[in-house]
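Good morning, everyone, and thank you for letting me take a few minutes of the meeting. Please have the picture open while I talk, and we will go through it one place at a time.

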Amino acid sequence: MNTSSQNKEISVVGIIFTVIVTLGFIWAALQWLNRYNRPAQLTSEDMRANEIQAFKNLRRISQAQEKYKQTDRDGDGKKKYAKFFTHLWRCVNIQSEATTIKLIPKDIAFAVAPSFAIDGYYFINLYSRALSAKGQTRKLDYEKEWAVAAIPADPGNTGSLIFIADNSSDIFMKKYTEIPSYYPHDPHSNGWTKIESIKQLNYTP
């Protein structure tokens, strides 16, 4: 390859890199300008639609976890549940190599904070569960269990319920008053309601 061809390739790469960086700065600027903008006030029907979708998305995560555990995804010789639900879309092995497996859609996998919420909800991994309200907790053993919570991005506007899903295949909900200081090992005995169908999400906000 002659010097002229090399220079052309370098120039093309440089242009592409510049475009990517510029788009990144534009995106960051838009996020900064919109940082104080709250979403428009939703109706009770809108909130219920978000809550139904959060329930459905947790069921998708639950089903994906069961499929994930069928294979030693990270190559450590053990079949485990995903510690991070994002790994249900793309997991990482012990050599730090990423593999896209698409057990859940990318938009659910990236809904890890209010700014990345999908249908008004974001999801958090639970690494431990409370054995009592006194602060006693137990770390999860991912060879046997997992747990994820769904939280409204704008409480009282995008949703009025908090959900917990875990390896039991059950989903529990509770009226949002504040983000819980702990997530109980036994939700049913701690004021959470087990939800088995969408019909159970009918309520008066």
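I will start with the second largest pocket, whose lining is made up, by class, of six nonpolar, two polar and seven charged residues. Please keep in mind, as we go on, that what we are looking at is a predicted model. The volume of this second largest pocket comes to about 150 Å³, and among the 15 residues that line the pocket, those closest to its centre are Tyr-68, Asp-74, Lys-80, Tyr-81 and Lys-83.

Now to the aromatic rings, where a pair is described by the distance of the centres and the angle of the planes. How many aromatic pairs does the structure hold? There are five aromatic pairs, and one of them is the edge-to-face pair of Trp-89 and Phe-110, with 5.6 Å from centre to centre and 80° between the planes. This pair links distant parts of the chain, 21 residues apart, with Trp-89 in the loop between helix H2 (44-68) and strand S1 (90-92), and Phe-110 in the loop between helix H3 (106-109) and strand S3 (121-125).

Are these two residues buried or exposed, or something in between? Trp-89 has a relative accessible area of 11% and is therefore buried, whereas Phe-110, at 40%, is partly exposed. Another aromatic pair, Tyr-183 with Trp-192, is tilted, at 6.5 Å centre to centre and 45° between the planes, and both Tyr-183 and Trp-192 are buried.

Finally, coming back to Phe-110, we find Lys-106 lying over the face of this ring, at 5.5 Å from the ring centre.

Definitions and conventions: Residues numbered from 1 in each chain as written. Predicted model: local features only at pLDDT ≥ 70, side-chain atom pairs only at ≥ 80, totals over all residues. Heavy atoms only, no water. 1 Å grid on protein atoms, 1.4 Å probe; cavity = no way out; pocket = protein on both sides within 12 Å on 5 of 7 lines; lining within 4 Å. Points joined across faces, edges and corners; volume = space filled by probe spheres on them. Nonpolar A, V, L, I, M, F, W, Y, C, P; charged D, E, K, R; others polar. Phe/Tyr/Trp six-rings, centres within 6.5 Å; stacked < 30°, edge-to-face > 60°. Helix = DSSP H or I, 4+ residues; strand = E, 2+ residues; numbered from the N terminus. Buried < 20%, exposed > 50% of the residue type's maximum accessible area, 1.4 Å probe, protein only. Lys NZ or Arg CZ within 6 Å of the ring centre and 35° of its normal.
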